[in-house]
Amino acid sequence: MNMKSRRPPLGNDLQRIGDIGENKFKDLCDKAGLHCSKPVPDRTGKDWLVEFPLEGFDILMPYDKRPAAKCVVVQVKTVTSTKRPVTMKLSAAERLAKDLKPAVVCMMVYDRDEGEVIEARFVHILGDNLASILKRLRKGQKRMEDALHKLTIGFGADKGFEVPLTKEGFYDALSAVAAPSMDRYAAEKQRQIDTVGYGFDRLSGKLKFFEMSREDLADVFLGIKQVPLRELQISEKRFDIELPFLSISENVEGAMVSIEPEPVTECILSTVDPDSQEIKAVPSKLYAVEAAILGDGPAALYRWAMGEIKVDFATRKLTVKLQVKADGERPIAEWLSEFGFINELLSGERVVTAASDRGQVEVGKLNMNGVDEPDWFRPVLQMLEKYDGVFREAGGCQTSFSLQSLIEDRNRMAAISLMDERTLRVEANVSEIDGDIGEEGVAGLFIAAVCLAGQWVSIAAPTRVWGERDNDSWKLRAFSCARPTIELLQSDDNDEFHTYVERCRKLRGAECVIVQEPGKFLASECVLVRTDLQ
C-alpha cells in the first residue's frame, strides 16, 4: 500500500468508498446464504440486520420448539488504513450496546490501488467493547453532555478480529458472534450490561442529621438508636465514575436512619466473683466510634447475646442494658454462661475485662447495686438450673433449645425436679388385678416419657402402691418413695419406650408398674402395665 492510499477519504470519495464497503458486505451475505435487510430510514446506526436460515427438519425437534434463527445487527465502516480507529456516534453506539441481539461493527479495509476491499474485521459489541461504550456514556453523563449524537467513540483494529472474505469463512465468523443461541446470548449480554464496571464499593453515601447531643451521636454510630433523617445522598460508582444514585431530604416525613456497624473485633467479657474467685465470662463483639466523629474521645460498645455495655471514654461512664431473646436456640452450657455472667453483674460492684487476640483491657468497674433486676431474669435462671439438674441426672445433653420452649415446658420441668419422697401421687383405675394388695401396699414403679425443650427423657420413680376395690374395679394410688432415675430417649418411639419400661421392671423387681405413655405426663391417663402380686 503506497502513501497515497493512506490518506483519509474526503467528500464524494468518502461516500464512494463507504458504498463499496457496504456493497462488499451485502455481497458476502448473499454468497453465504444470509438474508440481510437495511433499516429504512437509517437513523439508528444499524446499517444491516442479518438473519440466518431457520434450522432444517429434525424428527427430534418439532417446529414449534426449534430455537429462533440467529440474527445480528451490523454497522459497516469502511477505512483505507487499519492504523486509524473507526468512529461512530455515541448515540448509535448506545443503541448497539443496549440491543440484546448480537451486534458488530464491520470494519472494511479498502485499498485504493487495488480498487477493492482487501480485509474485513468484526468489532463485537460484547465484553471489553461493550464496557467501553457504557463507560463513555457514563463519562458523558458526568460531564452533563446531553447531545450524544454530537459525540463519538472509536474502536481500533485491535478491538476486533479478522474475518475471511470467503462465503464459508464469513458465514462461520458471523455465526460465531451469535453463539450459542439467541436466548442465551441475550441473557449474557444483559448480565454484562447490569454488572460490568462495578466494584465492591459500588455505593457510598453521605448522611446529615439534625443537631443532637454527643451521647446520642455515639448511640447512632454504635447501632443503638435510630435518628431522624435530615438529608441522605447516595452515589454509585461504575468504571470509577461516581454519579448521584439517591437523594432524600428533610421533606420526607418520618424517615429514620439506623446504622448497623461492623464489629472491630471479637472478645471475651469476664468478671470474677470476689468470694469464690470463680470467673464468669461470655463471648462478645466490640464496636467503636472514633474520637474524630464525637470530638472529645471515642466510645465503645461490648455486645453479647443478652446484653451490652457501652463505654464513653470521655466521661468514663459505663451503661449496661440487658435483654432476653427467647427465640434463639443454644445448648444449656451457653445459656448458663450468659445468665451466670449477668447474675454476677447484678450481685454488686464488679470489674469487667475484655480479652481478644490483641490483648486484655479493663472495660471498667460496674456497680449495679440499687439497679432493679429485670423481671424475667430470676424465673428464667431458675428454670435453666432445673433443666440442667434434670439432664445432669440423665447423663448430660447437648441439644440446643430456645428459652421459649423452656418456658412452655416449665410445669413438667418443675414436677420432675421436685420428685422425691411423697411428692409424686399417681392414680389409676383398673378392672382387675392378679392377686391382692394388703394394707401395707406393695413396691411399685411409675414410668413416663417427657419432652423437655425438644429432648425426650424417661423417668422411673420408685413408688409404694395401695389399692381399694370399688365395686368391680380397683383404684390404685401410688406415692413416690425415692428420687427417680432419668435417662435420655432418642424420640417418643413407642417400641423404644416399652423396651425401657420392661428393662426397668426387671431391674427394680417392682410388683406393680404404672405407666404414662409418651406425651401424657401430668395427665390423668395411666396404664397398669404389669402386676406380680402374691
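Mentor: Helices (H or I, at least four residues) and strands (E, at least two) are DSSP runs, numbered from the N terminus. This is a predicted model, in which local features need pLDDT of at least 70, side-chain atom pairs count only at pLDDT 80 or more, and totals for chains, interfaces and linings use all residues. Residues are numbered from 1 along each chain as its sequence is written, and side-chain values use heavy atoms, with hydrogens and water left out.

Trainee: Where is Pro 180 found?

Mentor: Pro 180 is found in the loop between helix 4 (167-177) and helix 5 (182-195).

Trainee: Is the peptide bond from Ala 179 to Pro 180 cis or trans?

Mentor: Most residues other than glycine have a negative phi, and most peptide bonds are trans. Here the bond from Ala 179 to Pro 180 is cis, its omega being near -5 degrees. As for phi, Asp 240 is not a glycine, yet has a positive value of about 60 degrees. Asp 240 lies in the loop between strand 10 (227-238) and strand 11 (241-249).

Trainee: At roughly what angle do the axes of helix 2 and helix 3 cross?

Mentor: Axes are lines fitted to C-alpha atoms, for helices over the stretch in contact, and angles run from 0 to 180 degrees between N-to-C directions. The axes of helix 2 (residues 90-98) and helix 3 (residues 128-142) cross at roughly 130 degrees and come within 10 Å. Helix 2 is therefore oblique to helix 3 (under 35 degrees counts as roughly parallel, over 145 as roughly antiparallel, 65 to 115 as roughly perpendicular and the rest as oblique).

Trainee: Which residues make the contact?

Mentor: Contact means heavy atoms within 4.5 Å. Helix 2 contributes Leu 90, Ala 93, Glu 94, Ala 97 and Lys 98, and helix 3 contributes Leu 130, Ile 133, Leu 134, Arg 136 and Leu 137. By class, there are seven nonpolar, no polar and three charged residues in this contact (Ala, Val, Leu, Ile, Met, Phe, Trp, Tyr, Cys and Pro count as nonpolar, Asp, Glu, Lys and Arg as charged, and the others, Gly among them, as polar).

Trainee: How does the pair of helix 9 and helix 11 cross?

Mentor: The axes of helix 9 (residues 377-393) and helix 11 (residues 410-417) come within 10 Å, crossing at roughly 55 degrees. That angle makes helix 9 oblique to helix 11. Met 383, Lys 386, Tyr 387 and Val 390 of helix 9 make the contact with Arg 410, Met 413, Ala 414, Ile 416 and Ser 417 of helix 11. By class, that contact has six nonpolar, one polar and two charged residues.
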